[in-house]
Amino acid sequence: SSPRWLKLNRPSQVSQGGVGAMPAEGPEAAPQESEAFPLGSYVVLRAVDGRGSSRARPPAPAGLGIVLLHGWVQDLSAWLPTAERLRDAHQADVLLVDSYAHGASPELKGVRMHTVDALVMQVRRVVEHLKWSSRGIVLGAMSMGVSVALHYAHEFPLGIRGMLLVAPSSIMPERWTPLPHVDTSVSPVLLGADAGEDGAGEKSPALLQSVLEAGAPAHGSSARRASSSRRGASRSPSWSSRRLLSKLNFIKRTPSHGHSDATFAILSDFDWPVTVVLAKFDVVHTSQEEEWRAKAPQADIIVAPMTHWGLCTHANDLHVEEYPIWQQAHATEGAGGGEGQIALALRRRVGLLSVGEPSLAGVGSLEEGLAILRRSRL
């Protein structure tokens with residue numbers, strides 16, 4: 001049966017510079033698009049349109065959202081059956097995003113702009129456009145999308161309530177399989193350094209901010225509202241030469257995609273509920289089960305007897321809607337949300353707060369507390 005949509009952002013349905021949108025409730029200001037970093041294509045499944053669940057599980061709390069990110073050379077349809085089941089089983093709004101140069105999302109202006117950092121800002125733009133930045137969300141992702149989710153959580157941790165990571169790329173140097181090193185070696189030779197990288201290939205500290213500023217709506221820009229449907233939306237050729245090079249640029253820094261100790265420290269600092277699903281026979285990225293247990297000691301680790309690509313293409317067969325992470329996220333949401341999380345992180349990292357103090361005593365704001373937490377990791 002056809003899915004029920006809340007919003008569809010289909011650029012191909014409107015005139016140049018426009019965005020197709022079907023608002024959930026009543027009139028809504030038309031989104032403004034940045035020429036450099038557009039919103040791209042996304043779909044939101046609305047909880048109130050769900051068919052109800054036959055499973056004997058309590059619903060997730062009102063206000064909790066789920067964001068699902070696909071892997072390399074996939075699109076949002078890779079998560080669609082799971083998204084519908086999550087909406088129905090847990091009465092949650094579910095957002096799916098087509099990454100730049102994937103699915104119905106356009107390529108960016110420059111091929112070398114296609115980086116994981118750009119995808120982090122794309123997701124953030126969509127979250128802010130939907131006014132989800134003030135609600136708790138669970139990030140679900142597979143393969144390259146896991147790297148996007150981890151960097152997003154590092155940059156914007158206060159809204160996170162949990163993480164589901166399926167077939168993640170490696171978090172430590174690959175020891176046994178040469179495939180990721182072939183990707184890393186070939187892509188830079190073909191494409192050169194990414195936008196925002198210095199000569200040594202390191203990410204510029206100002207890259208994320210520059211991406212965010214480039215992606216901000218320009219004053220005076222206009223967009224046209226139009227109704228649309230996913231079925232009727234035309235797609236860019238999936239393997240045009242420009243689109244292929246754009247996809248190839250994403251994997252120049254595989255398998256680690258720029259992760260550092262700070263990226264993973266955020267998992268243990270905030271103690272979110274985390275579920276990691278690894279492929280036992282992964283010849284692309286070794287599963288590194290013990291490394292994941294060390295980086296996220298609170299995580300539920302599941303090892304599936306599959307290959308990397310098999311796990312990505314059969315993620316809907318995992319029935320992740322039955323995992324306990326959704327109710328764990330419910331409990332996190334009820335335990336003080338962002339303020340409770342930052343307080344806990346500050347206690348663990350710098351000991352600013354006593355164990356029994358639930359508020360941010362001595363810290364003027366959440367932003368100040370987060371700045372202190374980040375400085376402590378330098």
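## Around Asp271

Asp271 sits in the loop that links H7 and E7; helices (H or I, at least four residues) and strands (E, at least two) are DSSP runs numbered from the N terminus. Although Asp271 is not a glycine, its phi is positive, at about 55°. The residue is partly exposed, with a relative accessible area of 31% (buried is under 20%, exposed over 50%, partly exposed in between, with a 1.4 Å probe and protein chains only).

This is a predicted model, in which local features need pLDDT of at least 70 and side-chain atom pairs count only at pLDDT 80 or more, while totals for chains, interfaces and linings use all residues. Residues are numbered from 1 along each chain as its sequence is written, and side-chain values use heavy atoms, with hydrogens and water left out.

## The chain as a whole

The protein chain holds 12 helices and eight strands. It runs to 378 residues, and 53% of them count as buried. Take the contacts (heavy atoms within 4.5 Å) between residues at least 6 apart in sequence: 80% of those join residues at least 24 apart.

## Where to be careful

On confidence, the average pLDDT (the predictor's confidence in each residue, from 0 to 100) of the protein chain is 73, and 60% of the residues score at least 70. Residues 176-184 have a pLDDT below 50, and this stretch makes 19 contacts in the model beyond near neighbours in sequence.

Residues 198-237 also stay under 50 in pLDDT, and here the model has 82 contacts beyond four places in sequence. Where pLDDT is low, the predicted coordinates should not be read in detail.

## H3 against H7

Helix H3 (residues 144-155) packs on helix H7 (residues 261-270) at an angle of about 75°, and their axes are 9 Å apart. That puts H3 roughly perpendicular to H7 (65 to 115 degrees; under 35 is roughly parallel, over 145 roughly antiparallel, the rest oblique). The axes are lines fitted to C-alpha atoms over the stretch in contact, with angles from 0 to 180 degrees between N-to-C directions.

On the H3 side, the contact is made by Leu150, His151, Ala153 and His154. H7 brings Ala262, Thr263, Phe264, Ile266 and Leu267 to it. Sorted by type, the residues of this contact come out as six nonpolar, three polar and no charged (Ala, Val, Leu, Ile, Met, Phe, Trp, Tyr, Cys and Pro are nonpolar, Asp, Glu, Lys and Arg charged, the others, Gly among them, polar).

Ile302 belongs to strand E8 (residues 300-304) and is partly exposed, at a relative accessible area of 30%. Leaving out residues up to four places away in sequence, Ile302 touches Thr275, Val276, Val277, Leu278 and Tyr323.

Val284 is in the loop that runs from strand E7 (274-279) to helix H8 (289-295). Val284 is partly exposed as well, with 27% relative accessible area. Val284 and Trp309 are 25 residues apart along the chain, and their C-alpha atoms are separated by 8.4 Å.

## Two alanines in loops

Ala101 is placed in the loop between strand E4 (93-97) and helix H2 (116-129). It is buried, with a relative accessible area of 0%.

Ala78 occupies the loop between strand E3 (65-69) and helix H1 (80-90). Ala78 is buried too, with a relative accessible area of 16%. Residues up to four places away in sequence aside, Ala78 touches His70, Met142 and Asn316. From C-alpha to C-alpha, Ala78 and Leu96 are 9.6 Å apart in space, and the pair is 18 residues apart in sequence.
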